[in-house]
Amino acid sequence: TAGKKEDKKNPYHKKELEDYKRFLKVPGKKIVFYSEKNGFYKYYKNIIEEIIRRTNIVIHYITSDPLDEVFGMESDQFKPYYIGDKRLIVLMMKLETKIMVMTTPDLENFQLKRSYVKKDIEYIYVPHDVNSSNLTFHENALDHFDTIFASGFKNKEEIEEREQKFGLPAKRIVEWGSSVIDNMTVSYEAMEQEEARTGAKDNKTILIAPSWQRDNIMDSCIEQMLDELVQLPYHIIVRPHPQYVRHFEEKLKALAGKYEEKGVEVQMDFSSNKTVYTADLLVTDWSSIAFEYSFSTLKPVLFINTPMKVVNPNYKELSSVPVDIELRDKVGISLEETALEGLRPAVEKLLFDNQFSRDSLRQMKEQYIYNVGNSGKVGAEYIINRLVEMQKKG
């Protein structure tokens with residue numbers, strides 16, 4: 001009856017059990033990827049596709065989401081499995097493979113442990129974004145990985161500084177890049193060509209897209225900001241975080257009603273990212289979308305300095321300035337919440353000053369992101385070469 005009870009709780013219990021057994025039965029696995037939920041495939045996409053294109057290696061892909069879109073991608077070289085969070089804990093302890101790739105930090109620190117049965121698995125960490133792990137993660141979140149795919153020199157710098165300062169074993173740091181930014185850049189360029197053909201756009205658009213954290217723009221200063229911005233001759237879109245919409249729908253409807261006549265659009269549908277791409281200027285607080293937007297569209301960002309989200313209160317123990325802070329005044333301008341009268345001049349400067357032209361933002365991107373346009377190839381080559389080395393060792 002215990003099984004039956006569990007069935008009621010999780011309608012995918014049977015699939016999970018079958019996938020779990022099927023995974024453990026596969027002998028000689030070379031590489032396993034782990035994804036927490038649907039939508040995470042995009043972090044690995046370029047690496048996986050390149051490995052499949054170049055080799056006959058079979059990719060085993062575990063997801064904790066029974067409805068993950070990867071189940072529609074199964075092939076001879078790509079094998080997806082559904083393993084829920086609880087059973088994953090056991091599976092990780094029993095794991096046998098040569099390489100394990102994950103975007104989940106804190107390996108060893110909480111439930112997810114390194115394998116108990118195979119001690120020489122190489123655990124690779126792939127980041128979701130270009131942000132600082134020293135600021136936005138627990139301080140020891142990456143200590144138990146063997147290899148880190150770094151998006152830029154700042155990420156590499158802080159990991160190496162941490163190793164030296166605390167006498168940690170040196171990890172392999174792969175100068176990798178960002179597949180998310182590579183792919184966003186491609187989509188954006190295609191969209192731009194489409195727009196050039198249809199001549200779709202005349203007026204400039206300002207997009208306000210806050211983060212989902214305490215005291216974000218929506219909670220602290222949205223009305224003061226809108227009162228300033230509506231005086232400019234531009235189209236203004238407010239695109240709150242999806243979580244914010246879930247929790248405060250009524251509040252947003254009231255805001256939309258208040259500014260409707262002034263031409264402000266409040267978006268609550270997130271099925272398309274088009275708005276994000278087509279805006280000429282992004283206004284945000286601490287959202288990680290800022291650098292993805294700026295580096296894929298080569299357009300600037302106006303940052304509002306709401307209280308910063310700090311996961312590691314000891315981040316200042318390292319002298320390396322987190323990239324989240326350093327880049328704010330390089331890809332844009334940051335304003336204090338108390339200085340919103342500076343909004344309009346800042347917007348004009350960002351839109352028309354040469355300091356924030358496409359060329360200067362392109363230079364910034366090449367300085368701060370490794371292997372622009374090529375991260376998939378670099379990541380795949382590293383993994384393929386490591387498997388060849390391991391093969392030789394036997």
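1. In which helix is Glu-16 found? In this predicted model, Glu-16 belongs to helix 2, the run that covers residues 13-25, and several of the points below return to this residue.

2. Glu-16 has a relative accessible area of 4%, and because buried is the word for values under 20%, Glu-16 counts as buried.

3. If the neighbours within four places in sequence are left aside, the residues in contact with Glu-16 are Asn-10, Tyr-82, Ile-83, Gly-84 and Arg-87. Of the residues just named, Tyr-82 falls within strand 3, which spans 78-82.

4. The sheet is an open one, built from 7 strands whose order is 3-2-1-4-5-6-7 and whose pairing is parallel. Its edges are strand 3 (78-82) and strand 7 (172-175), each of which pairs on one side only, and on average neighbouring strands are turned by 20° against each other, with direction ignored.

5. Strands of a sheet pair through backbone hydrogen bonds, in either a parallel or an antiparallel manner. Here strand 1 (residues 31-35) and strand 4 (residues 99-102) run parallel and are joined by 4 bridges; as one example of this pairing, Tyr-34 has Met-102 in strand 4 as its bridge partner.

6. Helix 3, made of residues 41-54, lies across strand 1, strand 2 (59-63), strand 3, strand 4 and strand 6 (147-150).

Key: Residues are numbered from 1 along each chain as its sequence is written. This is a predicted model: local features need pLDDT of at least 70, side-chain atom pairs count only at pLDDT 80 or more; totals for chains, interfaces and linings use all residues. Side-chain values use heavy atoms; hydrogens and water are left out. Two strands pair if DSSP finds at least two bridges between them. Helices (H or I, at least four residues) and strands (E, at least two) are DSSP runs, numbered from the N terminus. Axes are lines fitted to C-alpha atoms, for helices over the stretch in contact, and angles run from 0 to 180 degrees between N-to-C directions. Contact means heavy atoms within 4.5 Å. Buried means under 20% relative accessible area, exposed over 50%, partly exposed in between (1.4 Å probe, protein chains only).
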